Amino acid sequence: MKTLTTTEELAQFCDAAKQAPYVTLDTEFLRERSYWSKLCLIQMALPEDHGGEAVLVDPLVDGLSLEPLYDLFRHQPTVKVFHAARQDLEIFFVEGGVFPDPLFDTQIAAMVCGFGEQVGYETLVRKIARQSLDKTSRFTDWSRRPLSEAQKTYALADVTHLRVIYEHLAAEIAKSGRGKWVAEELAVLTDPATYVTRPEEAWKRIKTRTHSPKFLGLVKELARFREDYAQSRNIPRARVMKDDALLELASTKPATIEDLGRSRLLLREARRGDIADGILAAVKAGLALPPEELPKIDKPSTQLQVNPALADLLRVLLKAKADSAGVAPKLIATASDLDQIAAGQRDLPALHGWRAEVFGDDALRLCDGKIALGAKGNHVRVVKL
């Protein structure tokens, strides 16, 4: 097992990869102790008919530059193949400002090919490569050196089996003509906005049962402070304060250090110093927000004027269309999406792109009374009116 530890060795491998139609890649990283993921290992493998070399790259070695890898990412003739690439791409975008292009994500391709929603790598290895994975090294500390032989073997398996999986799925996509479906999903992965967390929008990720604009204003300012603080110091959000503590503070509205000391959920280190000062400033800012700047959340589907009969018909249509297309229904639309469509909402992913071709266009026709559903044997069919 070869581990590349110099820029020259990495450049030599990447030059070889540029001569191949594709290269498979994966990463190992840590995020438990930082805001940004810490890249600990990169795995790459060439196709079998181009030598089949599989290597590990140690990005923790002093002096190793990843620029040859980023140059490979920009090399158009070579497809860069990942499985469940989102976190890998975030690392490379944050560290190098680059996305692999062209990109192929076998998890997305597998969903499009009927393997279900968010299918795991282990499942594809078993079903396509007809192999099994040794999972004993899955939850190890990848930042510690030296790496054990077991860790190296586990890491390389993430790119060697991926070759067989990629070739199988790429052929299936070409045969089915669903390349456009995959391209639409990959466009989201390679959109910088997917990986940019704006502190002023951080409140939207926090689940709360209270929808009062004044309460949400406090949540917004507390979440903004937490995001700014965590990003600037590269620490996890939970090290500043957890969501339940943030919501408690939005409810109790502390004005002094003494008030913070009465919190049940706030971490001890957050009751003093910079974090405490930031919390108090955020509460003050939240209370001072003018009405036009108070956040509002979309009305939950349970409060929408949903036509229950129409929602049920949409569920039947979705099941029929998903079965016909050979994809998981949730990949097309969720139960909440169907309720929103039945309530008149139209700005939903299920009504755009390839999802519209498979389901969305007929869903709108059903809502407009232009089609009906009928049963023939074990099949549901669309009847034009």
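Modeller: A helix here is a DSSP run of H or I with at least four residues, a strand is a run of E with at least two, and both are numbered from the N terminus. The model is predicted.

Colleague: What are the helix and strand percentages for residues 212–293?

Modeller: UniProt lists residues 212–293 as "domain: HRDC", in an unreviewed entry. The end C-alpha atoms of residues 212–293 lie 13 Å apart. By DSSP runs, the span is 67% helix and 0% strand.

Colleague: Is Arg 226 buried or exposed?

Modeller: Arg 226 is found in helix α8, residues 213–233. Its relative accessible area is 5%. The cut-off for buried is under 20%, so Arg 226 counts as buried.

Colleague: Which residues is Arg 226 in contact with, leaving aside neighbours within four places in sequence?

Modeller: Contact means heavy atoms within 4.5 Å. With the sequence neighbours set aside, the list for Arg 226 is Ile 206, Arg 237, Val 240, Met 241, Lys 242, Asp 243 and Leu 246.

Colleague: Which residue in β4 stands opposite Leu 4?

Modeller: β1 pairs with β4, residues 54–57, in the parallel sense. Three bridges join the two strands. Opposite Leu 4 stands Val 57.

Colleague: Which residue in β6 stands opposite Lys 80?

Modeller: β5 pairs in the parallel sense with β2, over three bridges. There, Lys 80 stands opposite Val 23. β5 also pairs in the parallel sense with β6, over three bridges. In β6, the residue opposite Lys 80 is Leu 103.

Colleague: Which β5 residues are buried on the side with Lys 80?

Modeller: In a regular strand the side chains alternate between the two faces of the sheet. β5 is covered on both faces, with Val 79 and Val 81 buried on one side.

Colleague: How far is the sulfur of Cys 40 from the closest cysteine sulfur?

Modeller: Cys 40 is buried, at 0% relative accessibility. Cys 367 is partly exposed, at 22%. A disulfide needs sulfur atoms within 2.5 Å, and a search of the whole structure finds zero disulfides. For Cys 40 the closest cysteine sulfur, in Cys 14, is too far for a bond, at 19 Å.

Colleague: Which residue takes a positive phi in the hairpin of β7 and β8?

Modeller: β7 (residues 371–376) and β8 (residues 379–384) pair in the antiparallel sense over six bridges. Ala 372 stands opposite Val 383. Two residues lie between the strands. The positive phi, near 65°, belongs to Gly 377.

Note on methods:
Residues numbered from 1 in each chain as written. Predicted model: local features only at pLDDT ≥ 70, side-chain atom pairs only at ≥ 80, totals over all residues. Heavy atoms only, no water. Pairing = 2+ DSSP bridges. Buried < 20%, exposed > 50% of the residue type's maximum accessible area, 1.4 Å probe, protein only. UniProt positions renumbered as here; feature names shortened; annotations may be inferred.
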